[in-house]
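I am opening a notebook on a structure that is new to me, and I will write down what I look up as I go.

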Number of protein chains: 2
Amino acid sequence: MQTLFSYLFELDSATLVGLFGGTLTTIAFFPQVTKTWQTRSVKDFSLSMLVLLTTGVFIWMIYGFMIGSLPLILTNIVTFILSVIILVFKIRYNGN
Amino acid sequence: MQTLFSYLFELDSATLVGLFGGTLTTIAFFPQVTKTWQTRSVKDFSLSMLVLLTTGVFIWMIYGFMIGSLPLILTNIVTFILSVIILVFKIRYNGN
């Protein structure tokens, strides 16, 4: 298992690509959280989708630790927090 | 760089965890596509979120190929297709 430190000091091209992809899928949640925060409208979201996504992102993070992938660890920690926020909005402001 | 074949025949515990996480974040999109297909209601989705997510998932897939991660490759191919479907619905049935 590679250590986190080896990645921090040796960013190879694959890691840079991973960080780029991870940055995109993570920042994707910011305009969504902003929109949902303002509108409090969540009926178009599937509750199942949000529960599965949030759980899955958490497990991706564990996988990231297991294979020592900095992109997976960093981006999934942030994505997890943001998807939890949308899930909480969904539960609070609408059913189904 | 590890080959895809080495993963297919030697599924270690990390790969199994990754496949589990990837399966969850991928199947998460199925209830969403089903709901959106039926309702054609997409106004609660942020267009920026969908564009960033779809692009990011595509780059995750490239990262998967670069580090030889079967979970990243398989699940992001499927997730990409499903997120494109929701993006197309968003563009077709609503602006903003």
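I began with Phe30(A), and I found its place in helix H3 of chain A, which spans residues 29-39. I keep in mind throughout that this is a predicted model.

Next I asked which residues make the nonpolar surface patch. I noted that Phe30(A) belongs to it together with Ile27(A), Phe65(A), Ile77(A), Val78(A) and Ile81(A), and that the patch covers about 470 Å². Helix H5 of chain A, residues 70-93, gives the largest share of this patch, with 3 residues.

I turned then to Thr25(A), which I located in helix H2 of chain A, residues 13-27. Is Thr25(A) buried or exposed? I recorded a relative accessible area of 8%, so Thr25(A) is buried, the limit being under 20%. Its side chain reaches the backbone oxygen of Gly22(A) at 3.3 Å. Leaving aside neighbours within four places in sequence, I listed the contacts of Thr25(A) as Thr79(A) in its own chain and, from chain B, Leu52(B), Leu53(B), Gly56(B), Val57(B) and Trp60(B).

Last, I looked up the aromatic rings, and the count over all chains comes to 9 aromatic pairs. I also wrote down one aromatic cluster, which is formed by Trp37(A), Phe89(A) and Tyr93(A).

How values were computed: Residues numbered from 1 in each chain as written. Chains lettered and ligands numbered in written order. Predicted model: local features only at pLDDT ≥ 70, side-chain atom pairs only at ≥ 80, totals over all residues. Heavy atoms only, no water. Helix = DSSP H or I, 4+ residues; strand = E, 2+ residues; numbered from the N terminus. Buried < 20%, exposed > 50% of the residue type's maximum accessible area, 1.4 Å probe, protein only. Polar contact = N/O pair within 3.5 Å; in protein donor to acceptor, adjacent residues only side chain to side chain. Contact = heavy atoms within 4.5 Å. Phe/Tyr/Trp six-rings, centres within 6.5 Å; stacked < 30°, edge-to-face > 60°. Patch = residues over 30% accessible without salt bridge, like charges linked within 9 Å, V, L, I, M, F, W, Y side chains within 5 Å. Areas by Shrake-Rupley, 256 points an atom, 1.4 Å probe, with all protein chains shown as cover. Salt bridge = Lys/Arg side-chain N within 4 Å of Asp/Glu carboxyl O.
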